[in-house]
Amino acid sequence: MIKMNLEPPNPTNSLAARRRFLQRLGLLSVAVAAPALLPALSGATITPVKGASNKHRWGLLIDTSKCVSGCDACVRGCHEEHGINGTGNDHTDAQWIRKIDLQDDLTAKQSSLPMMCQHCDSAPCVDVCPTGASFKRADGVVLVNKHTCIGCRYCVMACPYKARSFIHEPVSNQKSWAPRGQGTVESCTLCVHRIDAEGEQQPACAVACTDEAHSAILFGDLSDPQSDIAKAMNKRHAQEVRSDLELNTGVRYLNL
Amino acid sequence: MTMIDHLRYATLKPGRLSYGVVLLVCIAAVVLGGYSALTMEHAGHIITGMNNHVVWGLPHVFAVSLIVAASGALNGASLASVFGLSYYKPIARLSVALAMSLLVGGLLVLVLDLGRPDRLIVAMTTYNFRSIFAWNIFLYTGFLFIGACYLWMMMERRFNHHIKAMGRVAFAWRIVLTTGTGSIFGFLVGRNALDSALLAPLFVALSLVMGTAALTLVLVMLDRWQATLLNDQLLGSLRRLFVWFLIALVYFSIVHHVTNLYATEHHSVERYTLMGQLSGMFWIGHIFVGVVLPLGVLLLPTMRLSNTGRLVISASLALLGGLALLYVVIIGSQSTPQMLFPGKTILASRFGDAGFPTYHPSVWEWGLGIGGLALAVLSCLLVLRVLPLLPESQRIENVSSE
């Protein structure tokens with residue numbers, strides 16, 4: 001026989017139930033907050049992910065006297081590193097780095113050099129980007145945030161070096177360290193994944209150039225007076241491309 | 001007892017065959033524009049004529065045309081409420097509605113031409129205030145908000161006394177808006193063709209020309225359906241204004257190019273614009289069709305044309321000329337080699353750094369641009385059908401305010 005409880009609720013029981021509920025809620029809160037609170041209470045510290053530091057200013061020094069006309073090892077090295085597969089149309093394909101042959105109008109001296117994002121300190125692409133997707137890290141590396149780039153191409157218009165590429169068609173075979181996407185803009189990252197990984201710091205273009213026995217591209221910390229790149233720049237007059245714009249580029253050229 | 005001027009307004013009455021034809025053509029063009037945008041987003045910009053030299057193509061020409069025309073189309077309202085010309089009052093509401101519609105059309109083209117139009121929410125929520133583009137987003141949305149308030153003040157009799165103040169705000173805002181649009185192009189230091197602060201006043205003058213032209217054509221079209229909009233006083237005023245706006249435009253255009261010719265670094269760009277591949281677009285499109293012919297039609301007494309006829313022809317020509325000028329400014333500036341190495345000649349580059357890039361707009365770009373224009377006209381007609389923005393008669397009645 002089922003006995004039905006038809007008595008009115010006991011105020012004492014109701015109070016106890018509410019107390020139990022509050023106790024459980026308190027325990028749940030502690031359980032949720034504990035992982036965050038414990039290290040602080042115990043004095044332990046969580047190791048933060050290493051970010052860019054303004055103690056460095058990464059850059060490249062390119063000796064045009066060592067750069068060989070017709071050699072495009074740096075371009076191939078870069079494309080291989082970042083999974084850039086051309087479609088054969090140079091005007092719509094991504095051009096993170098390209099080779100240019102020059103002749104001086106006065107002396108007729110000829111030179112060859114790679115042109116890529118110059119990682120400007122006062123980067124016009126960063127200034128004009130409406131969403132802030134174009135940004136400069138504390139260590140001077142200029143990048144594009146692929147999540148907030150809306151593909152307006154204002155940065156392509158603003159770049160004095162034509163170093164930015166708009167991706168006109170679907171991309172495939174992407175590398176995990178170099179995310180790319182149709183409808184967004186991209187450019188040389190100075191192989192930032194290598195910089196951040198430490199150990200193997202040299203960017204792919206510099207490695208490819210060295211492998212080709214030309215060693216025209218020197219990578220390093222411009223703000224460290226003891227670095228090879230700073231010493232080389234102090235010894236010889238390194239030039240900025242379009243120095244008249246006073247953008248304080250991170251990429252400098254010798255024998256331009 | 002005080003007496004106030006009172007106009008009765010009504011919605012647009014359909015019924016004419018031409019109204020249906022305009023509506024159908026606009027709907028067809030909007031559908032074509034939508035299809036073009038979808039196709040471009042799916043396949044990528046590879047199906048357009050754009051490339052990494054010319055990254056802003058024909059959709060930008062249409063979008064900027066519509067945006068500057070929007071600013072100028074507000075003239076009708078400004079002349080009534082800011083400058084106190086009472087004969088513009090009957091068309092003031094229409095002027096605001098047209099301005100807002102043109103801006104919506106232009107912005108839609110601009111957004112659908114983005115590489116990632118699906119990320120519009122990012123553009124609306126994440127701002128870099130060093131970017132003129134970001135400021136323009138505020139200027140455009142602000143223009144729509146101010147326009148809506150302006151229209152509200154006009155339509156709600158309780159707020160009629162705020163019209164003048166609102167008109168002043170709208171007038172100032174649209175001048176800043178067009179200056180901002182011109183500045184998008186004017187502050188690009190790496191491009192010799194665009195590195196000039198004169199582009200801002202040039203755009204203001206262009207907005208006055210294109211906006212007045214658009215307003216005139218819409219007025220004449222609507223007047224054919226319900227003859228309550230045009231009168232000799234208004235037509236005469238529009239004609240005089242149009243002449244001054246065209247003179248202002250050609251003045252800034254001349255100053256822009258003459259100052260460029262003075263600077264050696266701009267010589268190659270000027271040679272390209274004035275004597276090169278786009279010289280026809282500049283001389284025939286902008287100067288002859290866009291300025292000389294309209295001025296001739298407006299001023300020559302020997303032409304046996306009515307005021308309406310003169311205005312329709314000159315407005316149509318000025319709109320074509322405005323498109324040509326923007327084509328020269330936007331496409332021409334990207335079609336000249338960028339000066340990477342002053343004092344040196346580029347011998348070879350796979351990217352074609354030394355050559356003149358070519359650009360041929362594809363059918364998808366035409367579709368998107370014309371779709372935006374049609375959407376502007378369509379939305380204006382729809383607003384006129386829903387809201388009482390057109391005067392029922394030209395007669396201004398004296399009504400007791402008691």
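Visitor: In which hand does α2(A) pass α6(A)?

Guide: A crossing is left-handed if the near helix is turned anticlockwise from the far one by less than a right angle, and right-handed if clockwise. In this predicted model, α2(A) passes α6(A) in a right-handed crossing. Helices (H or I, at least four residues) and strands (E, at least two) are DSSP runs, numbered from the N terminus.

Visitor: At what angle do α2 and α6 of chain A pack?

Guide: Two packed helices are described by the angle between their axes and the distance between the axes. Axes are lines fitted to C-alpha atoms, for helices over the stretch in contact, and angles run from 0 to 180 degrees between N-to-C directions. Here α2 (residues 73-82) and α6 (residues 204-211) of chain A pack at about 135°, their axes 8 Å apart. The two helices α2(A) and α6(A) are therefore oblique to each other; angles under 35 degrees count as roughly parallel, over 145 as roughly antiparallel, 65 to 115 as roughly perpendicular and the rest as oblique.

Visitor: Which residues of α2(A) and α6(A) meet?

Guide: Two residues are in contact if their C-beta atoms, placed from the backbone, lie within 7 Å. Among them are A:Cys74 and A:Cys78 in α2(A), and A:Cys205 and A:Cys209 in α6(A). The contact of α2(A) with α6(A) comprises eight nonpolar, one polar and three charged residues (Ala, Val, Leu, Ile, Met, Phe, Trp, Tyr, Cys and Pro count as nonpolar, Asp, Glu, Lys and Arg as charged, and the others, Gly among them, as polar).

Visitor: How do α2 and α13 of chain B pack?

Guide: Helices α2 (residues 58-73) and α13 (residues 363-386) of chain B pack at about 15°, with axes 8 Å apart. That makes α2(B) roughly parallel to α13(B).

Visitor: How many bridges join β2 and β3 of chain A?

Guide: Two strands pair if DSSP finds at least two bridges between them. Seven bridges join β2 (residues 97-104) to β3 (residues 110-116) of chain A, and these strands run antiparallel. A:Arg98 stands opposite A:Met115 in β3(A).

Visitor: With which strand of chain B does β2(A) pair?

Guide: β2(A) pairs with β3 (residues 344-349) of chain B in the antiparallel sense, over five bridges. A:Asp104 stands opposite B:Lys344 in β3(B).

Note on methods. Residues are numbered from 1 along each chain as its sequence is written. Chains are lettered from A and ligands numbered from 1 in the order in which they are written. This is a predicted model: local features need pLDDT of at least 70, side-chain atom pairs count only at pLDDT 80 or more; totals for chains, interfaces and linings use all residues.
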